[in-house]
2 protein chains.
Amino acid sequence: MTTLRLPGLVDVHVHTRDPGQTHKETWASATAAALAGGFTTVLAMPNTRPAVTDATTLATALEAARTGARCDYALYLGGTATNGTAAAALAPRTAGMKLYLNHTFGDLRLPDLDTWWAHLAAWPAAPPLVVHAEGPALAAVLLMAEWLDRPIHICHVSRADEIRLIARARHRGIAVTCEVAPHHLFLDETALARLGRRGEVRPVLADPSDRAALWEHLDVIDCFATDHAPHTSAEKDGDDPPPGFPGLETALPLLLTAVHDGSLTLEGLVGRLSTNPRRIFGLPKSDAVVEVDPDEEWTIAAADLQTACDWTPFEGRVVRGRVHRVEVRGTTVYADGKVLAMTGSGNHLREDHT
Amino acid sequence: MTTLRLPGLVDVHVHTRDPGQTHKETWASATAAALAGGFTTVLAMPNTRPAVTDATTLATALEAARTGARCDYALYLGGTATNGTAAAALAPRTAGMKLYLNHTFGDLRLPDLDTWWAHLAAWPAAPPLVVHAEGPALAAVLLMAEWLDRPIHICHVSRADEIRLIARARHRGIAVTCEVAPHHLFLDETALARLGRRGEVRPVLADPSDRAALWEHLDVIDCFATDHAPHTSAEKDGDDPPPGFPGLETALPLLLTAVHDGSLTLEGLVGRLSTNPRRIFGLPKSDAVVEVDPDEEWTIAAADLQTACDWTPFEGRVVRGRVHRVEVRGTTVYADGKVLAMTGSGNHLREDHT
């Protein structure tokens with residue numbers, strides 16, 4: 001067995017469903033999945049119930065994280081029509097600000113361009129302001145970032161026209177960074193025949209040419225982020241399937257397979273799963289280590305995963321590269337299928353309110 | 001009776017429905033309505049049947065205009081997913097290029113940001129490239145206009161956030177011009193209780209605060225344009241009412257009423273209905289004269305209008321200011337309710353293909 005030692009990975013885009021929808025996932029189960037997937041830090045999205053939009057809801061969600069998390073974490077605040085200025089005052093306590101500029105799961109919506117502008121104007125340069133912005137919304141938010149001369153991070157870029165526009169923005173000197181989700185790199189709409197309703201995700205699985213364009217523009221992609229968005233198989237198979245895939249435990253094996261296939265370098269993998277996320281999000285250094293066997297071939301099966309989510313869009317997929325051991329602060333927190341980290345052992349990586 | 005002599009007005013946004021849907025309107029009836037409304041030049045939109053998207057369909061539509069038009073005219077070409085480069089070669093024969101960046105009446109849609117970019121890059125600086133671009137699409141197209149350093153004209157601006165963004169774009173030095181439709185200045189969503197299904201229009205009738213914002217930003221508005229978009233009352237009262245209002249014969253009286261009320265200057269009216277449209281669209285000088293009685297009070301009634309459209313959203317509205325006579329090239333073309341211009345008497349204002 002070959003053992004490759006990687007730094008602890010960072011997933012900047014995770015939905016824990018906790019508080020409020022803990023039948024889908026909890027901090028305990030999400031962070032167990034994180035460690036099993038090689039992620040020792042997760043940044044959690046604010047579309048929980050209640051949504052994290054102010055000091056009170058942030059405190060509630062942080063308490064759930066503090067007691068449940070098995071790995072390090074920080075939490076995003078969500079932008080609303082009215083919280084632009086008040087939210088900015090909370091910035092040091094957060095992973096960043098998340099703006100939902102297209103319709104997706106949850107209630108966080110911004111009604112007009114004035115509210116987008118207000119958030120972009122009010123939020124400080126750091127921590128990042130991150131946006132779900134597809135198509136015209138992406139171009140719109142790049143315009144505002146340029147006019148306001150502020151950095152912006154684009155979540156889960158999925159289409160050819162979007163990655164090209166981001167390339168142009170970067171060429172123009174706009175301080176834009178972006179992430180791409182593994183499911184947009186390894187799946188496209190041709191998978192919908194197999195996935196059926198479970199294939200609902202936002203952004204949707206795109207055209208094969210979109211998927212190809214992401215690979216062609218790897219140099220523009222700063223981070224790989226899972227957009228881990230668990231819903232139960234019963235919910236996904238129902239009449240109105242909520243959008244989202246689990247992803248924490250499949251990301252690294254899929255990307256290691258790409259390294260094996262020669263479509264990604266190991267350096268490029270580590271940069272986009274650890275170095276760049278840490279730099280962009282201003283996260284502290286970490287001594288965390290992830291030991292993987294890069295050659296081990298195995299078959300993805302939901303039954304083997306730590307997430308509370310009972311299915312995966314990658315069921316049955318043969319991948320190459322497996323996590324064997326994860327160490328954080330000198331302690332083994334995961335070893336060969338067993339999560340050893342206790343709930344509550346994760347550190348909050350932003351300012352606590354005292 | 002007071003007689004005020006205005007220059008011939010220009011409506012840069014008219015749907016003639018000819019060819020293809022002549023039960024709604026023809027070149028003959030649309031231009032009769034134009035003259036009765038004081039407009040001696042109309043620029044016609046390309047979402048006819050067939051849509052005007054290439055040399056062949058342009059020739060077909062120009063033939064309908066040549067035989068039917070009672071006033072001067074030019075025709076827009078419509079952008080499609082594939083005609084970016086070929087369309088640009090036709091530019092001198094057109095009023096301009098129209099891009100539909102939001103969903104509206106007809107088939108002309110552009111699927112992604114790459115096709116928007118291709119059109120903005122290919123179309124020359126003149127004649128204008130005009131866009132239906134609401135909300136995020138507006139911001140997106142302003143971004144592309146700025147990056148490509150090209151002028152752009154925004155159709156029927158209707159909301160507060162949009163007019164504010166255009167104001168910012170202009171302040172930044174972007175070569176953006178815009179038009180506002182009278183129905184967005186004189187109606188808002190509170191009219192929907194009265195109008196019912198007939199109130200469907202794109203952009204939709206907006207919030208009263210949006211309407212107020214348009215008046216507050218008069219300095220940003222270059223043109224008033226009717227977006228005359230006739231559908232029969234039977235169609236409007238049906239299950240799936242098509243969006244659009246007639247507007248050619250009500251625009252000037254409504255705006256003269258605003259002058260009478262002090263919310264607009266006469267100079268501001270003439271600038272936005274004649275001087276600015278002529279300058280922006282590079283139209284030839286005209287000796288056309290419109291004689292109005294600015295004090296005459298009358299009540300708008302669809303039965304009295306020249307348009308083939310048998311209803312108006314302004315039915316029963318009392319206005320102040322009436323067109324009595326219109327003269328073009330020394331000939332009286334309209335006098336007190338009678339259209340005297342023959343079909344085919346209008347001039348094409350762009351290059352003919354020979």
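A: A salt bridge is counted when a side-chain nitrogen of Lys or Arg lies within 4 Å of a carboxyl oxygen of Asp or Glu. The model here is predicted, and 36 salt bridges are found in it over all chains.

Q: Which residue forms a salt bridge with Arg320(A)?

A: The partner is Glu297(A), with an N to O distance of 3.6 Å. This pair links distant parts of the chain, since Arg320(A) belongs to strand β11 and Glu297(A) to strand β10 (residues 289-299) of chain A, 23 residues apart.

Q: Are Arg320(A) and Glu297(A) buried or exposed?

A: Buried means under 20% relative accessible area and exposed over 50%, with partly exposed in between. Arg320(A) therefore counts as partly exposed at 27%, whereas Glu297(A), at 53%, is exposed.

Q: How does strand β11 of chain A pair with strand β12 of chain A?

A: Strand β11 (residues 318-328) and strand β12 (residues 331-335) of chain A pair in the antiparallel sense over four bridges, and Val326(A) stands opposite Tyr334(A) in this pairing. The two strands form a hairpin with two residues between them, and Arg329(A) in the turn has a positive phi of about 50°.

Q: Which strand is joined to β12(A) by two bridges?

A: That is strand β13 (residues 338-339) of chain A, which runs antiparallel to β12(A), with Ala335(A) opposite Lys338(A). Here too a hairpin is formed with two residues between the strands, and Asp336(A) in the turn has a positive phi of about 45°.

Methods: Residues numbered from 1 in each chain as written. Chains lettered and ligands numbered in written order. Predicted model: local features only at pLDDT ≥ 70, side-chain atom pairs only at ≥ 80, totals over all residues. Heavy atoms only, no water. Pairing = 2+ DSSP bridges. Buried < 20%, exposed > 50% of the residue type's maximum accessible area, 1.4 Å probe, protein only.
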